[in-house]
Every structure is written in structure tokens, then in C-alpha cells.
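Here's a quick briefing on a single protein chain.

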Amino acid sequence: VEHLNCTDGACAMDCMVSGWEMDGDCTLSCGGGKQRYTRKLIQEHRGLGVDCPALEKFDDCNTHECPRDCDGSWLSWKPCPESCLTSR
């Protein structure tokens with residue numbers, strides 16, 4: 001069995017992670033929600049290797065304005081003219 005002396009950084013290994021993947025749906029359908037993204041740890045860092053980056057992030061999504069209820073008033077109904085009541 002061979003043992004390495006890692007005090008000089010000879011066996012340093014950087015952390016490795018997967019690419020970002022969307023995790024679930026946006027928290028809101030309009031008006032600005034949050035979308036969660038995650039990535040998996042492939043390998044922890046060793047020795048003087050680079051630490052692991054964040055495995056989770058949130059981005060803005062569905063930032064478009066939400067539809068509004070109509071705030072106009074209905075026009076009053078008018079009777080149909082007699083000409084539209086007769087058929088040919």
C-alpha cells in the first residue's frame with residue numbers, strides 16, 4: 001500500500017459538480033416568481049483542492065405582469081332593432 005504525503009499539495013483534488021438542472025416549477029405563474037436550480041456533487045475537494053461551489057440557486061421567472069380583472073363598466077343593453085328580428 002502506497003501512502004502519499006499531501007502536505008505539499010501533491011494529492012490536491014478540486015471539487016467537481018454536475019451542470020445546473022431545473023428543480024420543479026416557478027413559484028408564481030406571473031408577477032415574478034423564483035425558479036430553483038440544483039446540481040449534484042460528483043467529487044468533494046481533497047487537500048488544497050478548490051472547494052465546492054453552491055449546489056442550489058434561484059433565478060427570477062415569470063416576471064411578466066399578471067392579468068388584471070376588468071375595471072370598466074358594462075354598457076347598457078339596447079333592444080335589437082326590428083330589422084334583425086325578421087329573417088329572410
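Is Cys-61 buried or exposed? Cys-61 is buried, with a relative accessible area of 11%. Keep in mind that this is a predicted model, with a chain average pLDDT of 84.

**Confidence**
- A pLDDT of at least 70 is reached by 75% of the residues.

**Disulfide Cys-26 to Cys-61**
- The chain has 3 disulfides, and one of them joins Cys-26 to Cys-61 with an S to S distance of 1.9 Å.
- This pair links distant parts of the chain, 35 residues apart: Cys-26 sits in the loop between β2 (21–22) and β3, and Cys-61 in strand β5.
- The link of Cys-26 and Cys-61 is right-handed, with 85 degrees about the S-S bond.
- Cys-26 counts as buried at 18% relative accessibility, and Cys-61 is buried at 11%.

**Disulfide Cys-15 to Cys-52**
- The sulfur atoms of Cys-15 and Cys-52 are 1.9 Å apart, and this link is right-handed, at 100 degrees about the S-S bond.
- Cys-15 lies in the segment before β1 (16–17) and Cys-52 in the loop between β4 and β5 (56–61), so the pair ties together parts 37 residues apart in sequence.
- Cys-15 is buried at 14% relative accessibility, whereas Cys-52 is partly exposed at 29%.

**Disulfide Cys-30 to Cys-66**
- Cys-30 and Cys-66 form a disulfide with their sulfur atoms 2.0 Å apart.
- The torsion about the S-S bond of Cys-30 and Cys-66 is about 105 degrees, so this disulfide is right-handed.
- The two ends are 36 residues apart, with Cys-30 in the loop between β2 and β3 and Cys-66 in the loop between β5 and α1.
- Cys-30 is buried at 14% relative accessible area, but Cys-66 is partly exposed at 32%.

**Arg-39**
- You'll find Arg-39 in the loop between β3 (33–38) and β4 (41–43).
- Arg-39 is buried yet has no salt bridge, and the nearest side chain of opposite charge, Glu-21, is 11 Å away.
- What does lie 2.9 Å from a polar atom of the Arg-39 side chain is the backbone oxygen of Ala-54.
- Leaving aside residues up to four places away in sequence, Arg-39 touches Val-17, Ser-18, Gly-19, Trp-20, Pro-53, Ala-54 and Leu-55.

Conventions: Residues are numbered from 1 along each chain as its sequence is written. This is a predicted model: local features need pLDDT of at least 70, side-chain atom pairs count only at pLDDT 80 or more; totals for chains, interfaces and linings use all residues. Side-chain values use heavy atoms; hydrogens and water are left out. Helices (H or I, at least four residues) and strands (E, at least two) are DSSP runs, numbered from the N terminus. Buried means under 20% relative accessible area, exposed over 50%, partly exposed in between (1.4 Å probe, protein chains only). Lys and Arg count as positive and Asp and Glu as negative; His and the chain ends are not counted. A salt bridge is a side-chain nitrogen of Lys or Arg within 4 Å of a carboxyl oxygen of Asp or Glu. A polar contact is a pair of N or O atoms within 3.5 Å; within protein, one must be able to donate a hydrogen and the other to accept it, and residues adjacent in sequence count only if both atoms are side-chain atoms. Contact means heavy atoms within 4.5 Å. pLDDT is the predictor's confidence in each residue, from 0 to 100. A disulfide is a pair of cysteine sulfur atoms within 2.5 Å.
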